[in-house]
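The following note sets out points for a colleague who will work with this model. Each point may be checked against the structure shown here.

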Amino acid sequence: MVSPVIILTTVGGFFISTLQRFYVATSRQLKRLESVSRSPIYSHFSETITGSSVIRAYGRQNSFILMNDNKVDANQKSYYPGIVSNRWLGIRIEFIGNCIVLFAALFAVIGRAHLNPGIVGLSVSYALQVTMSLNWMVRMTSDLESNIVAVERVKEYSETETEVRNSLNSRYFVVAGEEVNVGV
């Protein structure tokens, strides 16, 4: 006969891995959208700082503030769902952890005739710690897999072929995949 603890552990592990797979796929795409919508904010801010004297000279401060607000709003439209999905995962993980505590306490009550009170207290206290550890573990592995998007972008940029061979003073340039001597 199979122990109920093994059955509960197997079902809980399956449920957690299913949650994590669903969350990671969603979170990864939301992080991509958020990082793509964040780039225009930085470039607009940099351009605004660089051209601040011209913007003030032509009295266009309000239009640049409005453009910045629109870019931040567009970024928040992709950032907020990431927070919501994070909370979605948190609620489900906490539910699983609370079920672990419930079953630890339930088994302690059912087997109270055969169990030592110290062992019961220890098992319930470990069940509470498992809840925190489970939450931390799933969150960290999910964040690691979601943040790999940044590594993918760095890898993509590092594999991009450069246009200039050595420096701007070089006589050789790469045009359409071939070196061309410009004879400077």
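1. Helices (H or I, at least four residues) and strands (E, at least two) are DSSP runs, numbered from the N terminus. On that basis the chain has 4 helices and 2 strands, and from the N terminus on, the order is α-α-α-α-β-β.

2. Basis of the values. This is a predicted model, in which local features need pLDDT of at least 70 and side-chain atom pairs count only at pLDDT 80 or more, while totals for chains, interfaces and linings use all residues. Residues are numbered from 1 along each chain as its sequence is written, and side-chain values use heavy atoms, with hydrogens and water left out.

3. The chain as a whole. Of its 184 residues, 21% count as buried; buried means under 20% relative accessible area, exposed over 50%, and partly exposed in between (1.4 Å probe, protein chains only). The accessible surface of the chain comes to about 13500 Å², and 65% of this belongs to carbon and sulfur atoms. Such areas come from the Shrake-Rupley method with a 1.4 Å probe; for residues, only the protein chains shown count as cover. Among contacts (heavy atoms within 4.5 Å) with a separation of 6 or more, 69% join residues 24 or more positions apart.

4. The largest nonpolar core. In soluble globular proteins, nonpolar side chains tend to be buried together. A nonpolar core is here a set of buried Ala, Val, Leu, Ile, Met, Phe, Trp, Tyr and Cys residues joined through side-chain atoms within 4.5 Å. The largest one has 9 residues: Ile-16, Leu-19, Tyr-23, Val-24, Leu-89, Ile-93, Ile-96, Leu-134 and Val-138. Helices α1, α3 and α4 (117–158) each supply at least two residues of this core, and the largest share, 4 residues, comes from α1. Leaving aside neighbours within four places in sequence, Ile-93 is in contact with Leu-134, Asn-135 and Val-138.

5. Val-149 and its partners. Which residues does Val-149 contact, leaving aside its neighbours within four places in sequence? They are Arg-28 and Arg-32. Val-149 is placed in helix α4 and is buried, because its relative accessible area is 7%. Its C-alpha atom is separated by 6.8 Å from that of Arg-32, 117 residues apart along the chain. Gln-29 lies in helix α1 and counts as partly exposed, since its relative accessibility is 42%.

6. His-44. This residue is found in helix α1 (residues 4–50). Is His-44 buried or exposed? With a relative accessible area of 6%, His-44 is buried. Apart from neighbours within four places in sequence, His-44 is in contact with Phe-64, Met-67, Asn-68 and Lys-71.

7. The second largest pocket. On a 1 Å grid over the protein atoms alone, a cavity is a set of points where a 1.4 Å probe fits but cannot get out, and a pocket is an open set with protein on both sides within 12 Å along at least five of seven lines; lining residues have an atom within 4 Å of a point. The second largest pocket has a volume of about 240 Å³, the volume being the space filled by probe spheres set on the points, with grid points joined across faces, edges and corners. Residues in its lining include Tyr-23, Leu-30, Glu-34, Tyr-79, Ile-83 and Asp-143. The elements giving two or more residues to this lining are α1 and α3 (61–110), and the largest share, 6 residues, comes from α3.

8. By class, the lining of the second largest pocket has 4 nonpolar, 5 polar and 3 charged residues. Here Ala, Val, Leu, Ile, Met, Phe, Trp, Tyr, Cys and Pro count as nonpolar, Asp, Glu, Lys and Arg as charged, and the others, Gly among them, as polar. Ile-83, in helix α3, is partly exposed at a relative accessible area of 42%. Ile-83 and Leu-30 are 53 residues apart in sequence and 9.7 Å apart in space, C-alpha to C-alpha.
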